[in-house]
Amino acid sequence: MVMAVNEKPEVWLRGPVPGITPFLQPVAHALLQAKEEIHQALADFPDAALWVRPAGVASVGFHLQHIAGVLDRLFTYARGEVLSDEQLVTLQSEEQSPLTPCPPDLLISRLVSQMDAALNQLHNTPGERLLEPASVGRKKLPSTVLGLLFHAAEHTQRHTGQLLVTAKIVLTAYPRVEKKDC
C-alpha cells in the first residue's frame, strides 16, 4: 500500500495503545481503525442516503446502529453481565430508521461513544481475566472474556467493511440524493 506523504499508517502500525494489555492491543487497534475509516467515509454523507439499501443489502444506517449495539452487548457479556431490557429493545430496532430525524453525524456520534466506552473497558480489563469463562445470550453459550472481546473487534471490522462499500455504492449510484431528515 502506497501512502500519501501526510497519511498516517493504519492504526495497528502506530504502536501500542497506552494503558491496554498487550493481549488486547488487536482489539483496540481494530476499534480505532474502524472509527477513523467510518469518519472519513461518511464525511458529508447525505441524510437521505442513510437508509438506502442498494440491491437489498443492509443500509449504512443499519451498520452504524448494529456496530454500536453489538459492541454494547458483547462488552456487557465480557463484564459477566446479562443484557438489559433496553439493550434487547435496541437489538430489535437496529434495522429500522429511527422515527426522529437522524443525520449520519448523530449515528456516528452514538457509535463513537460506544467505541470509546469499549476502549475504556479494555483499559480496565486485566490480562489475568482474559481466559475466564463468559457466557453469551439467553442460552448461555460458552466463551471467554478474550473470545468476546476478539469477536467484538472482528465483527466491528466486518461491518465497517460492509458499511464502507455500501456508502460508496450509494454515493456513486445515487449522487443526487437530497439532504433531508430520516
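Analyst: Here is a short tour of the core, a pocket, a hairpin and a few loop residues. Keep in mind that this is a predicted model.

User: Fine. Which residues touch the most other members of the largest nonpolar core?

Analyst: Leu-42, Leu-64, Phe-75, Leu-122 and Leu-149 do. The core has 46 residues in total.

User: And which elements give two or more residues to this core?

Analyst: Four helices: α1 (25–41), α2 (60–78), α4 (104–123) and α5 (145–173). The largest share is from α2, with 11 residues.

User: Take Leu-64. What does Leu-64 touch beyond four places away in sequence?

Analyst: Quite a list. Leu-64 touches Ile-38, Leu-42, Leu-50, Pro-104, Leu-107, Ile-108, Leu-111 and Leu-163. Leu-42 is also among the core residues that touch the most other members.

User: Why would residues like that sit together?

Analyst: As a general rule, nonpolar side chains in soluble globular proteins tend to be buried together.

User: New topic. How much space lies in the second largest pocket?

Analyst: About 310 Å³. Its lining has 19 residues.

User: Which of them lie nearest the centre of that pocket?

Analyst: Tyr-77, Val-82, Leu-83, Gly-137 and Arg-138.

User: How does the lining divide into nonpolar, polar and charged?

Analyst: 10 nonpolar, 4 polar and 5 charged.

User: And which elements supply at least two residues of the lining?

Analyst: α2, α3 (85–93) and β1 (133–136). The largest share, 4 residues, comes from β1. Note that α2 also gives the core its largest share.

User: OK, β1 then. In what sense do β1 and β2 pair?

Analyst: Antiparallel, over 4 bridges. Strand β2 covers residues 141–144.

User: Which residues in β2 stand opposite Pro-133 and Ala-134?

Analyst: Pro-133 faces Thr-144. Ala-134 has Ser-143 opposite.

User: How many residues lie between the strands of that hairpin?

Analyst: 4. Gly-137 of the hairpin takes a positive phi near 75°. Gly-137 is also one of the residues nearest the centre of the second largest pocket.

User: Which residue other than glycine has a phi near 55°?

Analyst: Lys-140. That value is positive. Lys-140 lies in the loop between β1 and β2.

User: Lys-140: buried, partly exposed or exposed?

Analyst: Partly exposed, because its relative accessible area is 48%. The cut-off for exposed is over 50%.

User: Back to the loop between α1 and α2. What's the phi of Asp-44?

Analyst: About 65°, a positive value, although Asp-44 is not a glycine. Asp-44 lies in that loop between α1 and α2.

User: Is Asp-44 buried or exposed?

Analyst: Asp-44 is exposed, because its relative accessible area is 73%.

User: And where is Ala-58 found?

Analyst: In the loop between α1 and α2 too. Ala-58 counts as partly exposed, because its relative accessible area is 24%, and buried means under 20%.

User: What is Ala-58 in contact with, leaving aside neighbours within four places in sequence?

Analyst: Arg-53, His-63 and Thr-166.

User: How far apart are Ala-58 and Gln-162 in sequence and in space?

Analyst: They are 104 residues apart in sequence. In space, C-alpha to C-alpha, Ala-58 and Gln-162 are 8.3 Å apart.

User: Thanks, that does it for now.

Conventions. Residues are numbered from 1 along each chain as its sequence is written. This is a predicted model: local features need pLDDT of at least 70, side-chain atom pairs count only at pLDDT 80 or more; totals for chains, interfaces and linings use all residues. Side-chain values use heavy atoms; hydrogens and water are left out. A nonpolar core is a set of buried Ala, Val, Leu, Ile, Met, Phe, Trp, Tyr and Cys residues joined through side-chain atoms within 4.5 Å. Buried means under 20% relative accessible area, exposed over 50%, partly exposed in between (1.4 Å probe, protein chains only). Contact means heavy atoms within 4.5 Å. On a 1 Å grid over the protein atoms alone, a cavity is a set of points where a 1.4 Å probe fits but cannot get out, and a pocket is an open set with protein on both sides within 12 Å along at least five of seven lines; lining residues have an atom within 4 Å of a point. Grid points are joined across faces, edges and corners, and a volume is the space filled by probe spheres set on the points. Ala, Val, Leu, Ile, Met, Phe, Trp, Tyr, Cys and Pro count as nonpolar, Asp, Glu, Lys and Arg as charged, and the others, Gly among them, as polar. Two strands pair if DSSP finds at least two bridges between them.
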